[in-house]
Structures are given as structure tokens and as C-alpha cells.
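Please look through the sequence and the model shown below.

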Amino acid sequence: SILWAIIFLAMIIIKWKQGKEKIEKQVFFEGLTLWELNLTVVVIAQIDTFFIAKMLDYKELALFNIMMAIMQVFEFTRAALFSVYSQKFAKTNNIDIKKFVRAVSVIIILISAFYLAGTKIILQLLFNGKYSPSFLLVVLFTAYGAINLIYVIPSCYLMGQSTKQEMRKMLGLNIVSIAIKVGAIFMLISFKLEGFLIASIISQGFRTLSGFYIMLKKK
């Protein structure tokens with residue numbers, strides 16, 4: 001089945017027509033770059049669970065997954081903003097970046113305030129005190145969610161306006177951020193779950209700054 005998939009893919013690249021118009025090979029190679037970029041994003045997001053299970057214990061892994069599930073308001077907001085603004089960036093080059101940054105900043109402040117004040121209450125209601133993270137851990141999870149949401153700004157640009165060269169550059173930076181995250185995890189393992197969150201913040205911070213650099217350099 002793998003052989004047939006390879007043959008089919010080769011046929012698509014060599015000759016594929018949509019009606020009378022031939023689809024350029026460049027489209028498929030750009031799609032491959034996007035697939036590679038998305039693959040690194042999946043690795044960045046999932047690498048924590050692998051190392052927590054190996055280096056800590058399943059109780060810490062359960063707490064990590066529960067906290068990540070509770071913090072999904074950050075992710076839902078990021079997905080909503082991305083679905084709207086990535087299309088806007090694709091249609092026009094006149095997006096008011098400062099206004100976009102201000103809007104995201106206000107949203108981050110509101111969501112962060114909600115989590116800092118209410119996370120322990122939510123855990124108490126859902127699990128009756130079985131999971132009770134320290135306030136520092138809540139702060140770190142909130143900071144990680146916030147910096148992920150900040151990344152929506154350069155990611156909208158990268159999806160809407162970036163060239164293939166810029167996408168390849170971001171792919172390389174994502175690989176570097178994975179290396180940074182793994183290295184930081186091993187360096188901060190003595191801090192247990194807090195160390196994992198700090199490693200994630202450092203890695204995502206590098207990725208976010210890199211995305212802003214690529215975006216602002218062009219604009």
C-alpha cells in the first residue's frame with residue numbers, strides 16, 4: 001500500500017490537470033513544506049507527554065494533561081483568531097498590526113486573570129481536591145497559554161503572506177525550538193513539572209520572537 005501511495009504521489013507531481021489547466025509542481029512542493037512545518041508543530045506540542053511519562057510519573061502526567069485541558073480557553077481563542085486573521089493577511093497587506101497586537105493583549109490579560117483566580121476552584125469542583133497544583137504551577141501554565149496565544153500574530157502572517165523561503169526558515173527555527181525544549185527539560189528536570197513548563201515557555205518564547213522577527217523584517 002505504501003508503494004502504491006508513492007506511485008500515486010509521483011503521478012500527481014509529474015502530471016495532474018484540473019480541466020484544461022495544469023497544476024504546477026511548485027504547488028505540491030509548497031504543500032510539502034507546509035506539511036513539514038505542521039509536523040514540527042505537532043512534535044513541539046506533544047513532546048512534553050512523552051518525557052513526563054519517562055522522567056517523572058503518571059500522576060504528574062495526569063496533572064499536566066488535566067491542566068492543559070482546563071487551559072483550553074487559550075487554544076480555542078487562538079484557533080478562532082487564526083481562522084479569521086490568517087485569511088485577512090492572505091487578502092491584504094494593510095493589516096493594522098498594532099491594533100491586532102492590542103486586541104490580543106487585552107484578550108490575554110482577561111483570560112490570564114480568569115485562570116489565576118479560578119483554576120484551583122475549577123479543579124476543586126471537578127476533582128474534589130484530588131489535584132491541587134501550587135500557585136507557581138498555575139502561573140506557569142497560564143504564562144505558557146498566554147505565549148501560545150501571542151504566537152497567533154506571526155502565525156497568521158506566516159500562513160497568509162509568507163514566501164516558501166520564509167516558511168523553510170520557520171521550519172528550521174521550529175526544529176531549533178524543539179532542540180531548545182529538550183535541552184531545557186533535561187537541565188530543569190530537578191524542578192519536576194515546573195521545569196517542564198519553564199522549558200516549554202523558553203522554547204515557545206524563542207519560536208514567537210522568531211516569528212515576529214520574520215514578520216516585522218518584511219513589513
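## The largest pocket

The largest pocket is lined by 34 residues, and those nearest its centre are Val-41, Glu-75, Arg-78, Asn-148 and Arg-207. A pocket here is an open set of points, on a 1 Å grid over the protein atoms alone, with protein on both sides within 12 Å along at least five of seven lines, and lining residues have an atom within 4 Å of a point. The space in this pocket comes to about 840 Å³, a volume being the space filled by probe spheres set on the points, which are joined across faces, edges and corners. This is a predicted model, in which local features need pLDDT of at least 70 and side-chain atom pairs count only at pLDDT 80 or more, while totals for chains, interfaces and linings use all residues. Residues are numbered from 1 along each chain as its sequence is written, and side-chain values use heavy atoms, with hydrogens and water left out.

Two or more lining residues come from each of α2, α3, α4, α6, α7, α8 and α9, and α2 provides the largest share, nine residues. By class the lining has 18 nonpolar, 12 polar and four charged residues, where Ala, Val, Leu, Ile, Met, Phe, Trp, Tyr, Cys and Pro count as nonpolar, Asp, Glu, Lys and Arg as charged, and the others, Gly among them, as polar.

## Overall make-up

The secondary structure of the chain consists of nine helices and two strands, with the elements running α-β-β-α-α-α-α-α-α-α-α from the N terminus on. Helices (H or I, at least four residues) and strands (E, at least two) are DSSP runs, numbered from the N terminus.

Of the 219 residues in the chain, 37% are buried; buried means under 20% relative accessible area, exposed over 50%, and partly exposed in between, with a 1.4 Å probe and protein chains only. Among contacts between residues at least 6 apart in sequence, 78% join residues at least 24 apart, contact meaning heavy atoms within 4.5 Å.

## The nonpolar core

The largest nonpolar core has 52 residues, and Phe-89, Phe-100, Val-104, Leu-149, Val-152, Leu-193 and Leu-197 have the most contacts inside it. Two or more of its residues come from each of α2 (25–55), α3 (58–70), α4 (72–91), α5 (97–127), α6 (135–150), α7 (152–161), α8 (164–187) and α9 (193–218), with α6 giving the most, eight residues. Such a core is a set of buried Ala, Val, Leu, Ile, Met, Phe, Trp, Tyr and Cys residues joined through side-chain atoms within 4.5 Å.

Leaving aside neighbours within four places in sequence, Leu-193 is in contact with Ile-52, Leu-56, Glu-60, Leu-63, Phe-64 and Leu-137.

## Salt bridges

Two salt bridges are found in a search of the whole structure, a salt bridge being a side-chain nitrogen of Lys or Arg within 4 Å of a carboxyl oxygen of Asp or Glu. In one of them the side chains of Lys-181 and Asp-48 meet at 2.6 Å, N to O. This pair links distant parts of the chain, with Lys-181 in helix α8 and Asp-48 in helix α2, 133 residues apart. Lys-181 is buried, at a relative accessible area of 1%, and Asp-48 is likewise buried, at 1%.

Arg-78 forms a salt bridge with Glu-75, and the closest N and O atoms are 2.8 Å apart. Because they are three residues apart in helix α4, Arg-78 and Glu-75 are separated by about one helical turn. Arg-78 is partly exposed at 23% relative accessibility, and Glu-75 is partly exposed at 32%.

Gln-204 lies in helix α9 and is buried, with a relative accessible area of 2%. Not counting residues up to four places away in sequence, Gln-204 touches Ile-44, Tyr-144, Ile-147, Asn-148 and Tyr-151. The C-alpha atoms of Gln-204 and Ile-178, which are 26 residues apart along the chain, are separated by 9.1 Å.

Ser-210 is also found in helix α9 and counts as buried at 10% relative accessibility. Beyond its neighbours within four places in sequence, Ser-210 is in contact with Met-170 and Leu-173.

## Positive phi in two loops

Asn-128, placed in the loop between α5 and α6, has a phi near 55 degrees, a positive value in a residue other than glycine. Asn-128 is exposed, with a relative accessible area of 65%. In the loop between α8 and α9, Lys-192 has a positive phi of about 60 degrees although it is not a glycine.

Key:
On a 1 Å grid over the protein atoms alone, a cavity is a set of points where a 1.4 Å probe fits but cannot get out, and a pocket is an open set with protein on both sides within 12 Å along at least five of seven lines; lining residues have an atom within 4 Å of a point.
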